[in-house]
Amino acid sequence: MNKFLGSALLGALSVIAVSSVANAATYDLSVDYVTIDTGEMKTKAIGYNGSSPGPTLRLREGEEAVINVTNNLDESTSIHWHGLILPYQMDGVPEISFPGIAPGETFTYRIPVSQSGTYWFHSHSGFQEPDGAYGSIIIEPKKREPFKFDREYVVVLKDKHPHSGARILRNLKMMPDYYNRNQRTLGDFISDVSENGFGATLSERGDWGSMRMMPTDIEDVQGFVGLINGKSPEQNWTGLFKANERVRLRFINASAMTYFDVRIPGLEMTVVQADGNNVQPVKVDEFRISVAETYDVIVQPTAEKPYAIMAESMGRSGYAFGSLSPQEGLKAEMPARRMDAPLLTMADMGMDHGSMAGMDHSSMGSGNENGMAGMDHSNMAGMDHSQMGMSKDDPFYAAGSGLTPKAANGGKFLSYADLKAQKPLYPERPATREIELRLTGNMERYTWSINGVKYEDAEPIRLKYGERVRFKFVNETMMSHPMHLHGMWSILDTGNGKWDPVKHTININPGMTVYSETEVDAPGQWAFHCHLSYHMASGMFRKVVVEGGPAVAALENGVQ
Amino acid sequence: MKTLTLAAIGGGVLSTILSFSFTAKADNHIFYGIQMEQFEYRSGDEGENLFVWDGDAFVGTDELKLRWQGEGERDLKNDLYENFENRLVLQTPISDFFDAKAGIRLDTPSTTDRWYGTVGIMGLAPQWFEVDADLFVSETGDGSARLDVEYEGLLTNRLILTPSLELNAAFSDDREIEVGRGFSSAEIGLRLSYDLIDRAVAPYIGVAYERKLGKTADFAKDDGEDYEATYLVTGLRLLF
């Protein structure tokens with residue numbers, strides 16, 4: 001009954017909306033069972049309009065997008081429009097925005113499109129997104145963009161795993177290192193002994209063993225095939241170009257769990273957009289894209305030859321590959337994979353290494369935190385000392401972190417610190433208050449939480465409409481977490497004041513504290529979570545309630 | 001009679017676990033798993049032929065799990081169960097790495113049956129030792145304790161060498177089941193496994209040495225039975 005009332009009210013509102021919006025455009029999406037064939041494996045999957053990935057939705061800024069979503073599954077589904085600013089009832093999170101879309105039902109999303117750029121959409125139900133329910137969104141801007149390009153491609157990255165999402169989480173709960181095949185072995189022990197001596201190696205192993213943590217614990221879910229636009233490396237997705245054309249590549253990381261380091265050997269990439277918002281152009285040789293982020297880059301290939309798009313996973317356990325080519329069928333030569341799988345260091349464990357520039361480990365004993373007293377720092381054989389204390393280090397990684405990226409060609413690797421908004425979206429003003437969110441978890445139990453509390457046990461985060469809240473993310477785990485706030489922008493504090501970039505997903509590396517600010521300008525209730533599928537499903541998730549603001553009360557009651 | 005009891009217990013455990021896992025479909029916060037650490041044929045130095053298993057299954061949430069633990073030893077030459085043990089416990093986290101558990105245990109070997117109440121802890125000790133420590137009180141009022149320790153040594157990421165130790169102690173004599181006060185028995189094993197299919201199926205070979213200790217060994221000697229044995233083992237480690 002309530003549902004009927006809800007749709008009636010929704011219908012009533014849409015009539016008003018349609019009359020007030022210059023033009024409405026209708027799109028149809030069906031949610032279907034599909035097969036994903038990577039060449040090596042065929043898996044049952046979920047897709048849109050008969051395929052995974054789903055289509056690229058091309059919306060226009062200023063229109064009202066009317067999107068009819070028909071659920072052909074025998075389970076409930078939903079679509080979340082990742083990064084879109086919209087009424088909360090259209091945000092597509094079951095139990096927070098709406099009840100979900102029942103089997104056989106069609107739900108009509110009505111989105112007043114008020115932004116432009118590269119975004120994506122995915123299911124927010126169960127493990128449908130890791131199972132293939134994702135697609136891309138391009139929103140054409142009303143005004144001319146501050147950069148030029150001759151052609152464009154969406155480049156959607158995905159870590160397709162042979163196991164279903166539900167099975168993956170169950171396996172992780174049974175055995176947290178179920179998928180970690182990069183663990184240190186007897187061979188590594190022997191080579192470390194020959195390099196660093198027996199005592200040092202034993203003591204280093206002892207340090208990790210006493211914490212019951214693994215320095216190789218970077219990718220929870222290995223064994224995937226990296227896909228570009230649904231194509232495996234072998235199937236070689238190819239984007240065509242003519243020499244000297246400017247090609248805009250809209251990178252979207254639609255992975256369940258995997259960060260990718262992206263490069264196009266031989267081409268400099270100019271980053272012009274991050275998470276759909278224009279940034280002041282930065283020329284880079286390589287960038288790391290966290291799960292759920294988007295980066296738009298422009299490349300200008302001058303030679304009539306194919307170029308490789310190489311996306312190696314952060315932990316080096318997998319990769320995606322495709323070609324930019326002057327002609328169909330001409331495959332780029334795949335660059336050699338870097339086999340230097342990173343190792344986490346004690347810096348990633350949240351120890352305060354702010355004063356480590358001098359690298360005098362022997363004097364660090366007193367600075368210990370987190371119950372690590374008694375560790376012998378003079379014997380930290382596994383640490384990569386060469387990276388430490390260098391002034392060029394990315395400030396968004398703990399000093400001495402094993403995860404700090406380096407460009408394959410030794411050149412420029414994009415940092416969050418390089419991102420500056422092209423045009424500030426909001427006037428600068430001090431935040432009204434700060435909310436601390438400690439990112440917490442227990443790897444051995446595979447439980448993930450915020451401030452030590454899982455979603456099902458947590459109170460919602462309550463924000464006041466009109467305030468500007470400052471989030472302080474403190475990562476107390478050994479993994480990176482891409483935190484995604486729905487419905488409102490996250491202004492990432494890079495220390496650039498009003499030029500701080502505006503994002504929808506903020507990555508927080510191990511051992512780091514990162515701040516973002518949000519202008520609370522969207523009433524209703526929203527999801528806020530780590531975008532790693534199995535962290536989110538395990539409890540690293542919060543509901544955000546925005547109190548006050550323009551009346552959406554009628555709808556609010558209707559949807560309830 | 002014995003078979004009936006066993007079937008009843010087995011059926012009960014299985015149906016409880018299954019009914020839990022069916023509810024699990026609706027709610028993805030409930031998980032389940034089944035594993036066999038040992039599922040093996042043992043060939044002894046004095047011509048013994050045994051089939052031995054040691055496994056567990058669970059269903060539940062992060063906070064509360066129902067766990068079945070079972071182990072047994074079938075003497076293939078004499079067609080009898082040297083040991084047949086089933087435990088059903090409830091388990092809950094008590095620290096970052098350890099769970100407490102409490103429940104019941106029923107032993108139904110070919111000789112004498114025993115009911116026990118049990119409490120224990122299981123988890124991961126520093127330096128990656130998997131530990132399971134339990135206390136038991138039998139229906140005759142006899143107390144006993146058991147410690148299980150296992151370590152997985154990675155020769156490669158798939159070839160794994162697993163030393164294990166099981167140590168039993170009794171707080172009083174229970175002549176009927178041939179257990180004497182003090183340390184009663186120990187078993188050490190060394191198994192070399194290869195992860196053939198994910199973590200699900202891992203064939204292994206190894207050795208196991210089993211020995212009755214103290215008074216328990218004396219009881220065995222009095223009865224003219226062996227009190228120690230060495231085996232070559234071949235089996236499968238399973239995880240589903």
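Which residues of chain A does UniProt list for "domain: Plastocyanin-like"? The unreviewed entry lists residues 38–143, 227–315 and 429–547 of chain A, in the numbering used here and as annotations that may be inferred rather than shown by experiment. This is a predicted model, in which local features need pLDDT of at least 70, side-chain atom pairs count only at pLDDT 80 or more, and totals for chains, interfaces and linings use all residues. Residues are numbered from 1 along each chain as its sequence is written, and chains are lettered from A and ligands numbered from 1 in the order in which they are written.

**View 1. An open sheet of chain A has the strand order E3-E8-E7-E5.** The pairing among its 4 strands is mixed, where strands (DSSP runs of E, at least two residues, numbered from the N terminus) pair if DSSP finds at least two bridges between them. Strand E3 (56–60) and strand E5 (80–82) of chain A each have a single partner strand and stand at the edges, so one side of each is left without a neighbour in the sheet. Strand E7 (residues 117–122) and strand E8 (residues 134–140) of chain A pair in the antiparallel sense over 6 bridges, and A:Thr118 has A:Ile138 in E8(A) as its bridge partner.

**View 2. A:Phe251 is shown with its contacts.** Leaving aside residues up to four places away in sequence, A:Phe251 touches A:Val155, A:Leu157, A:Val262, A:Ile289, A:Thr294, A:Tyr295 and A:Val297, a contact being C-beta atoms, placed from the backbone, within 7 Å.

**View 3. Chain A meets chain B.** The contact takes 21 residues from chain A and 18 residues from chain B.

Definitions and conventions
Contact = placed C-beta atoms within 7 Å.
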